[in-house]
Amino acid sequence: MSEFLLEDLAGVGPATAEKLRDSGFSSIEALAVASPSELAACAEIGESSAAKIIKSARETADIGGFETGDQILERRKLVGRLSTGSKNLDELLGGGMETQAIVEVYGEFGSGKTQVAHQMAVNVQLPLELGGLNGSVIMIDTENTFRPERISQMVKGLPESEDHEWSDEEFLGNIHVARAYNSNHQILLAESALELAEKLHDTDKPARLLIVDSLVAHFRAEYVGRGTLADRQQKLNKHMHTLQRFADLNNALVFVTNQVMSKPDAFFGDPTKPVGGHIVGHTATFRLYLRKSKGDKRIARLVDSPNLPDGEAIFSVTTEGLQD
Ligand code: GTP
Ligand code: MG
């Protein structure tokens, strides 16, 4: 993160800086990748003033111009990979879940989305040589399904290591959880997550994973008339951009869950399609479709990946966590 303050930018006085920070734009980098309309709405300024601030932020942060392929390759070299605990699933994902990306896991109730989320919250804390990112986790829990006891079980299930002694308390201490009570609250929490990540940035456990479980449940429950569909998609779109910003600024993985309806739903149409439609689908970099199989077995299908072949992997959800 740069050492510049928001107040260093052209057109940003103390009052505007305050409003920007309250809306989650706590750094020059965050402003540099904002859109004029979202900034204008957040800071209660005109769009042309917002555009000027963004331009100034881009110049100060030295981002926003065109990059050559080799520069992009350089940035891609920083991409980390987070192991899921299942070799099959890791292989399907080309070696684990990528950072600088949004991974959307969707499937029916009980298909294991929340279980995978818990496992990622454990694994991200592991050292690199054990498939982790040596980082901490921020979790937005919209359905009150985070269970510390489950984390403890998974920590006990970690492979034994001569160099490390796993303490579930330590793992729990690096998981920052907030309940989201409605979609607006959820949007605000994603913005707060950017601030928290900035605080954690220079610690020995920077935030490398943001979980939103479930991404769409509140949106689905609150927007029940066709008349409000555009409004919902617009809010969801803004939310997805905040999440992408988190992934980019922190070289982090953003892991979101999405439910598919087992029963056709008049409003949301095709029961086999994830909720949220094209907004979520186009913003997520990787999409995994989970379904139940025999016993504790689950089948994951990789859908629409930018650089990996589509395919399937089988893994198990056990008391000790995700396994082959
Ligand atoms: P929704 O949020 O309802 O859409 O479902 P989900 O996809 O998040 O499902 P979730 O991850 O909660 O999966 C629940 C399933 O995980 C259970 O039916 C069990 O099969 C499995 N599971 C959950 N906890 C345990 C556990 O402690 N031990 C074992 N062996 N399996 C568990
Ligand atoms: Mg769940």
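A: Buried means under 20% relative accessible area, and exposed means over 50%. The model is predicted.

Start with strand β4, residues 136-141. 6 of its 6 residues are buried, so β4 is largely enclosed by the rest of the structure. In a regular strand the side chains alternate between the two faces of the sheet. In β4, Ser-136, Ile-138 and Ile-140 point one way. Val-137, Met-139 and Asp-141 point the other way. All of them are buried.

Next, the partners of β4. Strand β6 covers residues 207-213. β4 and β6 run parallel, joined by 6 bridges.

Asn-144 sits in the loop between β4 and α8 (148-156). Its phi is near 55°, a positive value in a residue other than glycine. Asn-144 has 37% relative accessibility, so it counts as partly exposed. Ser-214 lies in the loop between β6 and α11 (217-222). Another positive phi, about 45°, belongs to Asn-251, which is not a glycine. Asn-251 is placed in the loop between α12 (229-250) and β7 (253-259). Its relative accessible area is 17%, so Asn-251 is buried.

Now the ligand. The helix α8 is one of the elements that each supply at least two residues to the shell around ligand 1. The others are α7 (113-123) and β10 (311-318). α7 gives the most, with 3 residues. In total, 16 residues surround ligand 1. The closest are Gly-110, Lys-113, Thr-114, Gln-115 and Gln-259. By class, the shell has 2 nonpolar, 9 polar and 5 charged residues.

A polar backbone atom of Gly-110 is 2.8 Å from an oxygen atom of ligand 1. For Gly-112, a polar backbone atom is 3.0 Å from an oxygen atom of the ligand. Lys-113 uses its side chain: one of its polar atoms lies 2.8 Å from an oxygen atom of ligand 1. Taken alone, ligand 1 exposes 670 Å², and the protein buries 66% of that.

Last, the aromatic rings. A pair of aromatic rings is described by the distance of the centres and the angle of the planes. The structure holds 2 aromatic pairs. In one, the ring centres of Tyr-106 and Tyr-289 are 5.1 Å apart. Their planes meet at 25°, so this pair is stacked. Tyr-106 lies in strand β3 (residues 101-107) and Tyr-289 in strand β8 (residues 286-292). The pair therefore ties together parts that are 183 residues apart in sequence. Tyr-106 is buried, at a relative accessible area of 7%. Tyr-289, at 22%, counts as partly exposed.

Trp-166 and Phe-171 form a pair with ring centres 5.9 Å apart. Their planes are at 75°, so this pair is edge-to-face. Trp-166 is partly exposed at 24% relative accessibility. Phe-171 is buried at 5%.

Terms used:
Residues are numbered from 1 along each chain as its sequence is written. Chains are lettered from A and ligands numbered from 1 in the order in which they are written. This is a predicted model: local features need pLDDT of at least 70, side-chain atom pairs count only at pLDDT 80 or more; totals for chains, interfaces and linings use all residues. Side-chain values use heavy atoms; hydrogens and water are left out. Buried means under 20% relative accessible area, exposed over 50%, partly exposed in between (1.4 Å probe, protein chains only). Helices (H or I, at least four residues) and strands (E, at least two) are DSSP runs, numbered from the N terminus. Two strands pair if DSSP finds at least two bridges between them. A residue is near a molecule or strand if one of its heavy atoms lies within 4 Å of it. A polar contact is a pair of N or O atoms within 3.5 Å; within protein, one must be able to donate a hydrogen and the other to accept it, and residues adjacent in sequence count only if both atoms are side-chain atoms. Accessible areas come from the Shrake-Rupley method with a 1.4 Å probe; for residues, only the protein chains shown count as cover. Ala, Val, Leu, Ile, Met, Phe, Trp, Tyr, Cys and Pro count as nonpolar, Asp, Glu, Lys and Arg as charged, and the others, Gly among them, as polar. Rings of Phe, Tyr and Trp (its six-membered ring) pair if their centres lie within 6.5 Å; planes under 30 degrees apart count as stacked, over 60 as edge-to-face and the rest as tilted.
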